[in-house]
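Me: Please take a close look at one part of this model, the packing of its helices and the spaces around them. Which residues meet, and what lines the gaps?

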Amino acid sequence: MTGAQAVVASLEKEGVTTVFGYPGAAICPVYDCLAQSRICHILVRQEQNAGHAAAAFGRISGRPGVCITTSGPGALNLLTALATAYMDSVPLVAITGQVSSELLGRDVFQEADITGAAEPFTKHSFLVKNAADLPRIMKEAFYLASTGRQGPVLIDLPVDVQNQPLDFVYPEEVSIRGYNPSTRANPLQLRRVAEAISSARRPVICAGGGVFSSGARDRMRRFAENCQIPVVTTMMGLGLMPSDHPLYFGMLGSFGCNAANYAIRHSDLLILIGARAGDRAMGQPGVLEKRTRIVHIDIDPAEIHKNMEASIPLVADARLALEQLLECCGPRDTGMWLAELREKKGVGASFTDRPGFINPHRLVAALSEGLDEDGIYVADVGLNQLWSARCARMKAGRFLTSGGMGTMGYALPAAMGARLASGAGQVVAVMGDGGFQMSMQELATLVQHDIPVKIVLFRNDCLGLVRQIQKEEYGGRYEAVELGASPDFAALAQVYGIRAMTISDNSEIEGAVQSLLSAEKSFLLQCLVSPDEPA
């Protein structure tokens with residue numbers, strides 16, 4: 001067996017059914033073997049999008065997604081996707097071709113030090129020097145990507161190593177010196193958490209994307225219901241609780257809702273679970289620390305005390321920690337506290353309808369209401385992300401977005417990956433015209449591979465969020481935010497063979513959403529939005 005055959009055989013051993021990529025000379029041996037395997041390869045139109053698609057596949061499937069590119073510019077185009085996955089703790093295995101081993105360091109054609117370039121935002125990287133090491137490296141890569149705090153792992157494969165012979169034996173177990181992530185909570189710390197919950201009068205749970213990563217969604221809901229503790233989420237935690245759940249009070253933070261932020265400010269116990277407490281979520285962590293007791297549950301000890309000082313740190317897998325807490329924590333008398341928060345929940349922001357334009361808040365609400373129970377909502381970055389986070393009514397599905405890195409163009413390739421991971425479920429990509437133009441070439445991928453994704457495109461002919469910042473903070477001096485010469489995106493979609501329509505009045509929303517969601521194949525809905533529509 002050759003190194004390339006070993007790579008494909010290892011993918012099959014790991015249960016990989018779909019990979020995303022873009023070939024080149026330095027990875028051709030692997031592609032030749034892929035052609036002889038049962039693994040489905042999705043040819044994207046730009047390598048970064050292979051990374052986003054694979055990462056979304058990983059988020060929905062719960063197993064590491066896989067992307068493959070060639071050396072040099074092909075590998076370097078993956079960097080943004082790797083950084084995006086790293087910031088959001090997404091399991092991903094990236095395989096890159098590399099020039100022949102004896103040429104490394106000589107600046108030959110399409111050589112790039114990808115392991116060095118990606119070091120700040122990969123969980124680990126391997127430069128393979130001997131094909132005999134490949135079975136172990138592949139096993140370790142999948143193990144590292146999916147255990148502890150999940151994240152991307154890079155495997156760089158020189159072309160000569162791909163052609164080397166080896167005796168293939170795939171390891172059954174993994175043992176990595178120095179890598180032993182803590183999963184079960186310390187009993188003493190767990191007891192302290194239980195006591196803090198027992199004595200709290202105004203507790204609140206703040207849940208983040210780590211709850212999804214650990215597969216603890218149902219346990220967190222049962223814990224909140226059992227103890228009658230209100231729940232707020234970060235943007236990455238949207239969808240952990242149905243929007244209409246009586247204990248759910250929305251997304252917190254600078255772009256969050258009134259009830260969620262009120263709950264954080266007036267709580268006497270804040271229970272952070274799988275959340276980083278980043279700057280968008282916690283505007284003044286130092287002030288909160290002084291007046292509120294804070295429990296921080298996270299599998300990564302590096303996150304504890306990083307952005308917010310925790311009174312009771314608990315390093316553990318969220319699923320296991322919640323299982324333990326369910327055994328030792330009973331119902332709390334939080335009736336008055338919940339009533340107070342429900343009063344605040346009824347106070348929302350007011351939105352202005354503008355003649356000749358769609359109100360995006362109305363459209364997002366109608367779209368999310370029309371989605372199936374398990375529908376997946378993928379938001380891009382910018383104003384569309386904020387409209388979505390505030391107004392989408394989540395049921396039992398998922399809300400995917402680029403939270404930590406804020407990567408424009410993420411939604412379309414991510415929706416492709418999510419759709420392939422979910423089987424036959426509904427997947428909607430919601431984008432602005434700025435982000436869409438960073439990945440719209442993937443319309444061809446949707447058609448070629450028959451991946452039905454519904455696209456909602458908010459068109460305001462500008463970089464809306466940057467324009468708003470320039471308006472509010474720079475005296476309305478607009479610079480480099482007008483998207484001139486943009487095409488008619490509905491017509492563009494039709495050129496690719498995708499059904500499309502354009503709406504510009506709120507009376508058209510209901511019918512348009514129905515057409516979008518009932519379409520069997522991909523569909524693009526272009527919504528004209530005022531450039532003055534704020535976040």
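Reply: Contact here means heavy atoms within 4.5 Å. Helices are DSSP runs of H or I with at least four residues, strands are E runs of at least two, and both are numbered from the N terminus. The model is predicted, so local features need pLDDT of at least 70 and side-chain atom pairs pLDDT 80 or more, whereas totals for chains, interfaces and linings use all residues. Residues are numbered from 1 along each chain as its sequence is written, and side-chain values use heavy atoms, without hydrogens or water.

I start with helix 3. On its side of the contact with helix 18, helix 3 puts forward Asn-49, His-52, Ala-53, Ala-56, Phe-57, Ile-60 and Ser-61. They meet Pro-413, Ala-414, Met-416, Gly-417, Ala-418, Leu-420, Ala-421 and Ser-422 of helix 18. These contact residues comprise 10 nonpolar, 5 polar and no charged (Ala, Val, Leu, Ile, Met, Phe, Trp, Tyr, Cys and Pro are nonpolar; Asp, Glu, Lys and Arg charged; the others, Gly among them, polar).

The axes of helix 3 (residues 47-61) and helix 18 (residues 411-422) come within 7 Å, crossing at roughly 40°. Axes are fitted to C-alpha atoms over the stretch in contact, with angles of 0 to 180 degrees between N-to-C directions. The two helices are therefore oblique to each other (under 35 degrees is roughly parallel, over 145 roughly antiparallel, 65 to 115 roughly perpendicular, the rest oblique). Helix 3 and helix 18 make a right-handed crossing, that is, the near helix is turned clockwise from the far one by less than a right angle (anticlockwise is left-handed).

The largest cavity holds about 50 Å³, and its lining consists of Gly-51, His-52, Ala-55, Arg-59, Ala-81, Thr-84, Ala-85, Asp-88, Val-90, Thr-401, Ser-402 and Tyr-410. On a 1 Å grid over the protein atoms alone, a cavity is a set of points where a 1.4 Å probe fits but cannot get out; a pocket is an open set with protein on both sides within 12 Å along at least five of seven lines; lining residues have an atom within 4 Å of a point. Helix 3 gives the most to this lining, with 4 residues. Helix 3 and helix 5 (79-87) each supply at least two. By class, the lining of the largest cavity splits into 5 nonpolar, 5 polar and 2 charged residues.

There are 2 cavities of 30 Å³ or more. Around the second largest cavity lie Ser-368, Leu-371, Asp-372, Gly-375, Arg-393, Met-394, Lys-395 and Gly-397. That lining has 2 nonpolar, 3 polar and 3 charged residues.

Of its 48 lining residues, Gly-209, Met-236, Gly-274, Ala-275 and Arg-276 are closest to the centre. Helix 10 (209-213), strand 11 (293-298) and helix 14 (318-328) each contribute at least two residues to the pocket lining, which has 17 nonpolar, 22 polar and 9 charged residues.

Definitions and conventions:
Points joined across faces, edges and corners; volume = space filled by probe spheres on them.
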